[in-house]
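Dear colleague,

I am handing over the structure below for your attention. My notes on what was found in it follow directly after.

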Amino acid sequence: MASKRPFSEEDFTCPVCCDIFSDPVLLQCGHSVCRDCIQRYWTIKDSRECPLCRKRSATRNPPVNLALKNLSQAFLDHRGPLEEQCEIHRERLSLFCLHDEELMCVVCRESQQHRTHSCRPVNEIAEERKHQIRHTVSIIKKDFKHLHQLLYDEERAMLAALRNESELKTKLIQKKIEKMKEEKLSLPKTIKELRDKLDSGEVQFLQSFKDMLERAQNMNQEIEPVQGGLIDTAQYLGNLKFRVWMKIRQSISYTPVVLDPNTANSQLILSEDLTCVRDRDEQEEEDIVGVQKNQLPDNPERFDRCHCVLGSVGYSSGTHIWDVDVGDSTFWMLGVTTESVKRKGTDSLPSEVWCVGYDGDKLSLKAPQESRIPFLGCEKPKRVRVKLDLDKGQLSFSDTISKTHYHTFTTHYMEKVFPFFCSLCSVAPLRILPVVKLSK
């Protein structure tokens, strides 16, 4: 028995608009056309003929082809929007290639291009990246809320200072007014006393003349304006934005290196501000078992086995310095690596790394083509400074507390290099220290 031919897009395509049927109608000749299409066609032709066989239709309003309408809708629902279809195979884009970072269908997966690549369902990848976006949005909002609060606090402080000055100067003016009122009330009494002395005897008049003259002159003096009675407007409005910015600047630190979460091994935990990194402990490991072992996309930039993470910015020239608080971490590596460092398929430290590290027993150095060189007699540091001078081709490591210089690699890098961090300790994180806050 012959197998039935599966429906294709041609079976549901209108012969006029060449698109999937929309409200198809059945003509008397047996052909079907979209209602809008046949009405426009008849208007242009000025004749009610079929666009396929030219047979005339006796009615102006042909009936709906309900069966074809339902089948067309079912086909659209099954096919999905055109943008969700593979352009080559016309299959639904249901998979995502992690290697090439592109959508593909089930037929593409078996092709030579993607056969050896890892892929995952589109809905899983989409949800992961939506979660990443939501998390990033929440951190941005949190940081801006902090900045808004700083501005709000500065506004309240400045308005409070303005109110205090206004109250003080209002009291000063009120005190002056009260004194003037008192002097005004005492004027009739003073005038009467002066008149009485004018009418007294000549000896008494001469004896009090000097006092009378002084009192009369005081009565004739103009009212002195209150010194400093106006608000010091320039103190508040002069360079207002600049002064507020400078003040807020003192409360915000700057970190010369921030971590790139897109490169971090899934076992590592990064702080929200991307300045701290540590390994995941056993309890945290158990918490994610049974949910999903790896919540992070296996993108090409990410280290899949080695517990490493890179800085977010790479360098090709200039001098760059960053200090790292290693604290009580029992296993760490710090240094730089190349942009082309191998990130997949190896449990060991990548070979393209220049770094200093501690493995719970001793400090050691590592560089390409060299085995680890231990530091004999060097104490475990608390803070390590990494200084990269690309113009001189030098990478040096030192202890910022004891001022001990560990080593300087001399290498002229042929490509961009990135800060490199490795942690196998879940107790104490590696923390990139902020630079000293600038003064006014």
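Phenylalanine 242 and tryptophan 245 are three residues apart in helix α7 (residues 240-250), and so are separated by about one helical turn; helices here are DSSP runs of H or I with at least four residues, strands are runs of E with at least two, and both are numbered from the N terminus. The model is predicted: local features need pLDDT of at least 70 and side-chain atom pairs count only at pLDDT 80 or more, while totals for chains, interfaces and linings use all residues. Residues are numbered from 1 along each chain as its sequence is written, and side-chain values use heavy atoms, with hydrogens and water left out.

Six aromatic pairs were counted. Rings of Phe, Tyr and Trp (its six-membered ring) pair if their centres lie within 6.5 Å; planes under 30 degrees apart count as stacked, over 60 as edge-to-face and the rest as tilted. The rings of phenylalanine 242 and tryptophan 245 are tilted, because their planes stand at 50°, with centres 5.9 Å apart. Phenylalanine 242 is partly exposed at 48% relative accessible area, and tryptophan 245 is partly exposed at 47% (buried means under 20%, exposed over 50%, partly exposed in between, with a 1.4 Å probe and protein chains only).

Tryptophan 332 and tyrosine 358 form a stacked pair, with ring centres 6.5 Å apart and planes at 25°. Tryptophan 332 belongs to strand β10 (residues 332-338) and tyrosine 358 to strand β11 (residues 353-358), so this pair ties together parts 26 residues apart in sequence. Tryptophan 332 is buried at 0% relative accessibility, and tyrosine 358 is buried at 12%.

Tryptophan 332 is also among the residues with the most contacts inside the largest nonpolar core, which has 33 residues; Leu388 and Leu395 are others. Such a core is a set of buried Ala, Val, Leu, Ile, Met, Phe, Trp, Tyr and Cys residues joined through side-chain atoms within 4.5 Å. A second, separate core of 15 residues includes Phe12, Tyr41, Cys50 and Leu68.

As to the cysteines, the structure holds zero disulfides (pairs of cysteine sulfur atoms within 2.5 Å). The sulfur of cysteine 29 has its closest cysteine sulfur in cysteine 50, at 3.6 Å, which is too far for a bond. Cysteine 422 is in no disulfide either, the nearest cysteine sulfur being that of cysteine 308, 4.2 Å away. Cysteine 29 is partly exposed at 25% relative accessibility, whereas cysteine 422 is buried at 4%.

Yours sincerely
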